[in-house]
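Please look over the model below before reading the notes.

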Amino acid sequence: MRLSSILNSYRHGHQGSIILSSLLGDTAVLLNGVLENDAHRGVLDIVPAFDATAVHFDPTQFSIGELTAWIDSNATKSNHTSVASRLIEIPVRYGDEFGPDLDTVAKHAGLTADEVVRRHAAVKYVVGAVGFQPGFGYLEGLPAELHTPRHSTPRTAVPVGAVGIGGPYTAVYPSASPGGWNLIGQTPLVMFEEGRTEPSLLKHGDRVRFRAINAKEFKRLAAVNHLTPSIEPPPERPLLRVVNAGAQSTLQGLPRYGRQHLGVSPGGAMDTMSLRLANLLAGNAPGATAIEATLMGPVLEAIEPVTLALAGAVPTARCVTLRAGEQLDLRRLTGGARAYIAIPGGFGGSIGRTLGVDDVLGSLTNPTHQPSTAVLAGAGRRRSPTKDVTTLHLLRGPQAPLFDDEAWRRLLNETYRVAPQSSRMGVRLEGPELPVNGAVEMPSQPVCTGAVQVPPDGQPIALGADRQTLGGYPVIAAIISADWSMIGQLAPGNTVRFAEVNLEEAIRLRKKLERDLALAAVGIQLEDQQF
């Protein structure tokens with residue numbers, strides 16, 4: 001069955017036919033198979049993982065009809081095209097302090113540690129997916145006797161380059177992080193580095209072979225393989241000093257697509273509409289770098305006269321001008337969880353950088369437009385400042401058939417409370433449990449922002465801007481892209497309710513949101529022309 005036929009059936013409610021392909025929200029489709037990465041206007045990312053591939057697209061630039069025709073065409077071409085595979089050799093120092101769990105794996109397999117090493121290094125693996133971290137390749141082909149369950153309690157710190165075994169997979173940790181895999185060795189190679197021509201050493205479909213090395217060779221290779229430290233240049237024109245950094249203040253822009261197949265999340269602002277509104281007021285391009293302030297904002301002091309544009313969790317979206325020595329105090333946000341602060345020309349600095357006390361901020365470019373004098377009453381807020389329930393619209397997700405009618409009744413009729421453990425990766429919700437029919441063992445699959453995952457405890461998690469690119473929990477639904485900014489304004493203790501819509505309604509609401517922002521831009525222009 002062609003994809004266009006499958007999605008057409010989906011839109012008309014015949015979900016039982018969704019076997020090979022399904023919607024992943026209104027911004028992505030999930031296919032059973034691999035597509036060539038043939039760039040097309042409106043296609044943002046193509047993310048293969050095991051036997052599935054996600055195609056992320058911009059629904060305002062690419063209609064569902066154009067998308068399905070393009071995918072059908074590429075799927076046909078893929079059937080007649082073989083993809084070249086590289087063989088990557090990874091040197092590993094096994095055991096001792098490099099592999100503290102080698103004996104545990106040996107005991108589980110009923111083998112000696114030396115035999116585990118021999119069998120682990122004797123196989124040519126295939127990269128089935130890249131995700132979890134940038135450059136983290138899930139390697140398929142681990143001998144069955146070496147399959148070892150993950151630790152019930154993950155380590156809080158796994159060193160960079162650690163080689164681990166988790167269930168039927170083996171992998172190398174490209175960066176230090178928490179992790180629950182069994183560590184059997186360590187490589188001195190740099191698996192992922194920003195700025196390198198090929199940032200990730202591994203890609204989907206590559207073949208991988210491990211080679212055992214001794215401590216002396218590990219030391220020699222580590223001396224020539226290391227990350228190049230990135231040095232951020234100071235702003236040419238310092239404008240602001242951070243007096244108080246608030247709870248969590250970072251530099252953010254719009255999501256950056258194109259590298260999800262390497263495990264790199266698009267990231268970006270949690271509330272992109274407020275970010276764009278702040279940049280409109282500042283006279284910037286929509287994606288210029290701004291400060292994202294969360295829950296308790298920063299206190300900023302002007303080094304020289306400067307105009308700041310505010311939007312998001314503030315009473316009104318507007319510009320304010322500070323004289324040298326004056327301060328802007330945003331410690332009390334209102335009407336949401338996040339406020340955005342833009343300056344003409346945009347802030348210099350790395351996206352995602354966390355601000356600290358005494359940081360100096362400025363612009364690396366000269367502004368080409370003057371900031372606006374407009375005051376948009378109420379436009380600063382993305383949700384009601386009251387304790388009313390926020391309604392989020394959703395589409396059924398790729399694993400929706402795993403949930404019975406009672407789970408759907410609870411999801412669509414009960415309210416859920418935002419948990420304190422929420423972050424930019426995901427908004428954790430507390431409420432009636434959503435049970436899955438039977439035990440679920442599924443390989444990790446691509447996910448999207450807004451995907452509603454259900455872990456074994458039945459409490460849903462709505463994925464945020466810093467989500468991973470792959471997920472192993474079933475996705476019951478996906479919050480539509482028109483409501484992603486509202487996710488970014490949810491604070492712990494807020495309550496939400498869900499309402500199901502179809503694909504046409506999801507795209508209509510997304511286009512309406514874009515029209516509203518365009519109207520705000522016209523209003524700002526008209527306001528400025530009066531002065």
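1. Strand E28 (residues 451-453) pairs with E31 in the antiparallel sense, over three bridges. Strands here are DSSP runs of at least two residues, and helices (H or I) of at least four, numbered from the N terminus; two strands pair if DSSP finds at least two bridges between them. Across this pairing, glutamine 453 stands opposite valine 475 in E31.

2. This is a predicted model: local features need pLDDT of at least 70, side-chain atom pairs count only at pLDDT 80 or more, and totals for chains, interfaces and linings use all residues. Residues are numbered from 1 along each chain as its sequence is written, and side-chain values use heavy atoms, with hydrogens and water left out.

3. E28 and E31 belong to a barrel that seven strands close, in the order E24-E31-E28-E29-E26-E25-E32, with mixed pairing. Neighbouring strands of this sheet are turned by 40 degrees against each other on average, direction ignored.

4. Tyrosine 473 lies in the loop between strand E30 (470-471) and strand E31 (475-479). Not counting residues up to four places away in sequence, tyrosine 473 touches Gln399, Met442, Gln453, Val454, Pro455 and Pro456 (contact means heavy atoms within 4.5 Å).

5. Is tyrosine 473 buried, partly exposed or exposed? Tyrosine 473 is partly exposed because its relative accessible area is 39%, where buried means under 20%, exposed over 50% and partly exposed in between (1.4 Å probe, protein chains only).

6. The protein has nine helices and 32 strands. Of its 531 residues, 52% count as buried.

How values were computed:
Axes fitted to C-alpha atoms, helices over the stretch in contact; angles between N-to-C directions.
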